[in-house]
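Student: I would like to go through a new structure with you. Could we begin by looking at it together?

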Amino acid sequence: MKLLLSGCFFILYSIVNAQSTTQRVKENAKWKTEQKVNQKVDKAIDDVLDGNIFKRKNKKRSAEEVPDSANGSVKNDQQSANGSTEPLPSGSNGNNQTAPVFAAYSKFDFVSGEKVLYYDDFERAEKGDFPTEWNTNAAAEIVTLNGKPDKWLSITKDGNFQPVMISDLPENFTLEFNVVNQYRASNILSYNFTIYNTTNARKDICNDYLPNAFTFSWGGCAGSAGYRIKENGEDMGENAALSAKGFVCKGDNFEIPAYIKISLWRQKSRLRIYVNEEKVVDLPQAFNPAVSYNAFRLGSGYMNYANGREHDDLFLVSNLKLAVGAPDTRNKLITEGRFSTTGILFNFQKATVKPESYGVIKEIATALKENPTVKISIIGHTSNDGDATANLALSKQRAIAVKQVLASEFGIDTSRMETDGKGGAEPVDNTGTSAGKANNRRVEFVKM
């Protein structure tokens, strides 16, 4: 009976994803208006995808891949406040110069956890290899997008993929990661992630029938999604008919990939899932309080049957960040006089605040509005990678950018805010690990 129920779920899910050509055309028409608005970013991404999208080891490197030291320059700390180098958001052009569109995130209440426990941007992994800190029962490799330093895990086969360093998940945590999807084959691609309980992670990497698990699945470029909850081997809840516009690819034939930020927020039994700015799931009873959920994995389906043209079907993952607890923003800032966050994000190598930072900045703005006499100092911090002078300048510029957002988007008087930057001079965590660097890249608010 359990196998029958599980089979029914996946049949249902396949039906949801197996959209007809007519349905895809209608879906594409629905997004034509947005496509025109975002024409510049579409063109930028299309240009990246033209020709050799991936660069592997043992190939002759282009001028863009030559190390900075080779031409006399030094690589700076170019990543965001949490270390991410995420794809272009909607509303940005190819140079990341256009102001971010915060209006789309006005209902985005996600607040990144207070302390980073695990962060992986595959910085130490070699291109063409499988990362040593992950486990799988299938195949994947590290790649880079043409002209960009970011590294991605490119999943090309059916199976499960687990970051082995995540061996415990607190009752309160946030988990974020970036995904790139593209659907070009004449098959039904599906992707998923699972939060589960295990006593043997190596054994359960192959187990598709985990007794205690929450699984969220989505279709390739289709905008369809679903979830299933298992407790003690029983089906406790499911929905195979969810939608999420962030998963929809663009272009006349869906040839432009979907660049997606997935954010999870667990508070004991409650789970919220965001796809870009959209809250797709908000379940008060997603987890059994008596079960210790201690593992996370990604999965793919039907990638084995992707068409023969290399990398037409894409499932890329990067910048996976696990953080503990939701910060008590107002209490820390007003009562304790200091609040630090890794949840304010910036465009790559820029001081432009990304719109997905809305939830965190809104918390700061609310605290200031409730306490109109309070003044604050906004201090930017980077890691200590690269040139110290350049990092110092970037940290100061990012602090100014946060001040401008608080003033323009939330109406906070600029006279109540001062700014400064420390570069990488004041680390709060290990300067030699990815998680440590992610904690060191932060924005600090100090009551004056």
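This is a predicted model: local features need pLDDT of at least 70, side-chain atom pairs count only at pLDDT 80 or more; totals for chains, interfaces and linings use all residues.

Student: In what order do the strands of the open sheet come?

Tutor: The order is β16-β19-β17-β18, and these 4 strands pair in a mixed fashion. The edges are formed by β16 (338-341) and β18 (417-423), each of which pairs on one side only. On average, neighbouring strands are turned by 20° against each other, direction ignored.

Student: In which sense do β17 and β19 pair?

Tutor: They are antiparallel, with 6 bridges linking β17 (residues 376-381) to β19 (residues 442-447). One of the pairs joins glycine 380 to valine 443 in β19.

Student: On to helices. Which strands does α8 lie across?

Tutor: Helix α8 (residues 388-410) lies across β17, β18 and β19, at about 155° to β18. Helix α6 (residues 329-336) lies across β16, β17 and β19, and runs at about 140° to β16.

Student: How far does α8 reach from its first C-alpha to its last?

Tutor: The distance is 32 Å for 23 residues, close to the expected 33 Å.

Student: Which residues of α8 are buried, and what covers them?

Tutor: Among them are Leu394, Arg398, Ala401, Val405 and Phe410. The cover includes α7 (358-370) as well as β17, β18 and β19. In an α-helix, residues three or four places apart point the same way, because there are 3.6 residues a turn.

Student: What is found at the start of α8 and just after it?

Tutor: At the start, a side-chain oxygen of aspartate 387 comes within 3.3 Å of the backbone nitrogen of threonine 389. Just after α8, glycine 411 has a positive phi of about 75°.

Note on methods. Residues are numbered from 1 along each chain as its sequence is written. Side-chain values use heavy atoms; hydrogens and water are left out. Two strands pair if DSSP finds at least two bridges between them. Helices (H or I, at least four residues) and strands (E, at least two) are DSSP runs, numbered from the N terminus. Axes are lines fitted to C-alpha atoms, for helices over the stretch in contact, and angles run from 0 to 180 degrees between N-to-C directions. Contact means heavy atoms within 4.5 Å. The expected span of a helix is 1.5 Å times one less than its number of residues. Buried means under 20% relative accessible area, exposed over 50%, partly exposed in between (1.4 Å probe, protein chains only). A polar contact is a pair of N or O atoms within 3.5 Å; within protein, one must be able to donate a hydrogen and the other to accept it, and residues adjacent in sequence count only if both atoms are side-chain atoms.
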